[in-house]
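Please keep the model open while reading these notes.

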Amino acid sequence: MTTATSSPRYQVLPGPEGLLPPSAAAMGVVLPQDGEGLVEGVIVPEAATYKAIAKAMLTRRNPTIFPGPLVVWGWTKHTQEKASVVLELAAEIPGVKIIPMPDYRPIYPKIDPEAVINPCHPNLTIWHNKIEACIFVGVHCHFASVTLKMVRAGTNCYTVALCAEAGHEDAMASLPHCDIEKLQRVTEALRQAKKEGLVPWALTPAGKRELAAEAEQKRKQRKAIATSAPTFAHELVAGLDENEE
Amino acid sequence: MSLDTLKISPGFESYMPKEYVDLVERGPYGRDVKVSEMGTFKEIIEEHPMCAGCAMTLFIRTALIGLPAPEHTVILGTAGCGRLVLSQASIPFIYGNYGDTNGVASGLKRGLEIRFPNQTKDVVVMAGDGGLADIGFSCVMHSWFRKEKFTTVMLDNEVYGNTGGQESGMTNKGMVLKMAPFGKKFEKMDMIGLAKTAGVAYIARLAPTNPTRIANVIRKAVLIAREVGPTYVQAYTSCNIEYAIPTPKVMDDAREVEKDRYGFMEIISDEAKAYLERIEQEKKAKAKAVAASKAGA
């Protein structure tokens, strides 16, 4: 059995660590048991993990939630319930962005980093949106592991993995077996942190300035697209001859 | 995948990228779409990283429209240009190791039959001439001899385009390529003849000159593979890079090659023919019944 607060051999900190950092597991970081969490490569009690997640998501720049296919596609009652709990969690983070990872198909030649995150190049979305804290939830583990490692390699983003399975060594904070109940505890931890006086980044003068500037830029972009978008004028409007050989 | 997976969780509709919302609302899932309707529905593949003017991309795009049930289809591919498009399509894609696609497809089809006894699942192998006629030759032939019920589609660009222009078994005799500077010494492999010998239920050869025909051929091949046995489609999909075909001339080349040596050809077994006639009659009867019930109402 692993012991809580074991001393770290390798710290899992926000990067950028550079190209091809070693996986945290290869450096001796082990996964927590149920009732524990993992913060920066150290196994800690579950309660300490909630606090670390709340602090990171409330105080760091441009907090973002990346919901994966197990959240955004509601093909069962359970996934739909989980999705609504994730939205409740998001509502507790002022200025939060929600950028989905709807599937794992490679997206080339170009992604829209404001609309989507892709496990083949997650760093593009994080760079573009200047995200410094994020939560991955509902992402299948094999893709989450790859994504977390790439994010740590190339960005300064604090990653949180709310994993329904065993957790992730390469996240800065990770909760294993994260079911609906644990997600609600994360939401509660966010509320508690705010009650205790933690000022969310979005409500700080710097955060307000940045979000206002971003909103203004998006407004201008939308206006530019609305006035310059080409209309579809192609022979396909008339259709092809079905019987042509 | 099934239609049940294509529901966005309540509350997330506004966060989903437009592409995905379009797939849910206007995708080809659970309904028949025609080539003539292109532009009115969200296609399974739209963006891709292939070379400008690539005939293979045109073929794949149209072939995917021909799939009778894309929501219940799994595509297998292997190393080569085709997988760059196929892996981006909104349809499950399995990347087989070079050479084993038809072996993997055999196991997959049998497994799906056991796992989903009440739902037909279509398996389609779509790979290049190198993947099917050269490196995957053994698995292709044995899957045909075993009468495995899935479709094999060869994207025949007559070269190893992805690796710089080596000759393949499907390259024409005498052809000089970047990595075959003395010209190919042997004839193009007769995969159609081999398919005939192996008793493949439906064999088609075509060039990408007629989009409707591509979709129809793929549809027939997939339907016959469900009930009758293995089917094989061999499509000329030129590599405009390795064959130095100017981009605007790609379709001219396809038409010339079609006229010269790659004319449309279909070989269909009696059993497959009877099966197609039967489903056509059933379709007509169903449409008639729907029309009658509407008129009655």
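1. Strands β3 and β4 of chain B pair in the parallel sense over five bridges; two strands count as paired if DSSP finds at least two bridges between them. B:Val125 has B:Thr152 in β4(B) as its bridge partner. Helices (H or I, at least four residues) and strands (E, at least two) are DSSP runs, numbered from the N terminus.

2. This is a predicted model: local features need pLDDT of at least 70, side-chain atom pairs count only at pLDDT 80 or more, and totals for chains, interfaces and linings use all residues. Residues are numbered from 1 along each chain as its sequence is written, chains are lettered from A and ligands numbered from 1 in the order in which they are written, and side-chain values use heavy atoms, with hydrogens and water left out.

3. The open sheet of chain B has seven strands in the order β2-β1-β3-β4-β6-β5-β7, with mixed pairing. β2 (93-95) and β7 (265-268) of chain B are at the edges with a single partner strand each, so one side of each has no neighbour in the sheet. On average, neighbouring strands of this sheet are turned by 15° against each other, direction ignored.

4. Helix α4(B) lies across β1, β2, β3 and β4 of chain B and runs at about 170° to β3(B). Axes here are lines fitted to C-alpha atoms, for helices over the stretch in contact, and angles run from 0 to 180 degrees between N-to-C directions. Contact means heavy atoms within 4.5 Å. Helix α8 (residues 211-227) of chain B lies across β3, β4, β5 (202-206), β6 (231-236) and β7 of chain B, at about 165° to β5(B).

5. Which residues of α4(B) are buried? They are B:Thr101, B:Asn102, B:Ala105, B:Ser106, B:Lys109 and B:Leu112. Seen down the axis of α4(B), these buried residues fall within an arc of 140°, so they line one face of the helix; the arc is that of the directions from the helix axis to the C-beta atoms. The face turned away from the buried side of α4(B) carries the exposed residues B:Ile114 and B:Arg115. Buried means under 20% relative accessible area, exposed over 50%, and partly exposed in between (1.4 Å probe, protein chains only).

6. The largest nonpolar core has 92 residues, and A:Leu162 and B:Phe59 have the most contacts inside it. Such a core is a set of buried Ala, Val, Leu, Ile, Met, Phe, Trp, Tyr and Cys residues joined through side-chain atoms within 4.5 Å. Leaving aside neighbours within four places in sequence, the contacts of B:Phe59 include B:Val153, B:Leu206 and B:Ile218.

7. Chain A also has an open sheet of seven strands with mixed pairing, in the order β2-β1-β7-β6-β5-β3-β4. Its β2 (42-45) and β4 (97-98) stand at the edges, each with a single partner strand, so one side of each is left without a neighbour in the sheet. β1 (residues 36-39) and β7 (residues 173-175) of chain A run antiparallel and are joined by two bridges. A:Val39 stands opposite A:Ala173 in β7(A).

8. A:Ile99 is in the loop between β4 and α4 (122-129) of chain A. A:Ile99 is buried, with a relative accessible area of 2%. The C-alpha atoms of A:Ile99 and A:Thr125 are separated by 8.8 Å, although the two residues are 26 residues apart along the chain.
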